[in-house]
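User: I would like to go through the charged side chains of this protein. Could we look at the model together?
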Amino acid sequence: MESKEEEERAQVLADALALKKLATDYMHPEIRVMSVDPCAFGRNYFNRFSAYETESSDEADERAQILADALALKKVASDYMHPEVKVTSVDPCSFGRNFFSRPSAVVMESKDEAEERA
């Protein structure tokens with residue numbers, strides 16, 4: 001009978017050790033799981049790097065157009081929010097002659113001034 005009690009005692013201690021290990025695993029998730037059983041490994045389909053999705057040329061063109069529009073909007077917003085930044089232009093057609101404040105402009109007189117002078 002004594003050997004049966006010893007076996008039962010050993011079984012209770014083994015169960016207590018297994019429960020202690022489970023409690024430690026539960027209370028300390030930062031400790032990594034150590035496993036060497038090759039059957040325990042599997043493929044994770046939720047966070048794996050999937051194959052690239054193919055897109056049609058229409059979708060690629062639309063994406064490129066959207067990105068170009070976003071870049072243009074970013075530039076306009078930057079110009080609006082920072083008026084202290086000078087405008088730079090190298091297009092020679094953008095330069096013109098100011099006919100209103102040039103020194104050689106003929107002074108326009110009103111109709112009343114023209115009648116007085118006449």
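User: Let us start with Lys 75: is it buried or exposed?
Analyst: Lys 75 counts as exposed, at 53% relative accessibility. Please note that this is a predicted model.

User: Which residue forms a salt bridge with Lys 75?
Analyst: The partner is Asp 79, and the closest N and O atoms are 3.1 Å apart. Asp 79 is partly exposed, with a relative accessible area of 44%.

User: And how are Lys 75 and Asp 79 placed in helix H2?
Analyst: They are four residues apart in H2 (residues 57-81), so about one helical turn separates them.

User: How many salt bridges does the structure hold?
Analyst: There are three. One of them joins the side chains of Asp 25 and Lys 21, at 3.1 Å from N to O. Both residues lie in helix H1, four residues apart. Lys 21 is exposed at 53%, whereas Asp 25 is partly exposed at 39%. Arg 63 and Glu 55 also meet in a salt bridge, at 2.7 Å from N to O.

User: Turning to H1, why is it said to lie largely in the open?
Analyst: Of its 26 residues, the number buried is zero, so H1 lies largely in the open.

User: What span should H1 have at 1.5 Å a residue?
Analyst: The 26 residues should span 38 Å, and the end C-alpha atoms are 37 Å apart, which agrees.

User: Which residues form the negative surface patch?
Analyst: The patch is formed by Glu 2, Glu 5, Glu 6, Glu 7 and Glu 8. Of these, Glu 7 lies in H1 (residues 2-27) and is exposed, with a relative accessible area of 58%.

How values were computed:
Residues are numbered from 1 along each chain as its sequence is written. This is a predicted model: local features need pLDDT of at least 70, side-chain atom pairs count only at pLDDT 80 or more; totals for chains, interfaces and linings use all residues. Side-chain values use heavy atoms; hydrogens and water are left out. Patches are made of residues with over 30% relative accessible area and no salt bridge: like charges are joined within 9 Å, nonpolar side chains (Val, Leu, Ile, Met, Phe, Trp, Tyr) within 5 Å. Accessible areas come from the Shrake-Rupley method with a 1.4 Å probe; for residues, only the protein chains shown count as cover. A salt bridge is a side-chain nitrogen of Lys or Arg within 4 Å of a carboxyl oxygen of Asp or Glu. Lys and Arg count as positive and Asp and Glu as negative; His and the chain ends are not counted. The place of a charge is taken as NZ of Lys, CZ of Arg, CG of Asp or CD of Glu. Helices (H or I, at least four residues) and strands (E, at least two) are DSSP runs, numbered from the N terminus. Buried means under 20% relative accessible area, exposed over 50%, partly exposed in between (1.4 Å probe, protein chains only). The expected span of a helix is 1.5 Å times one less than its number of residues.
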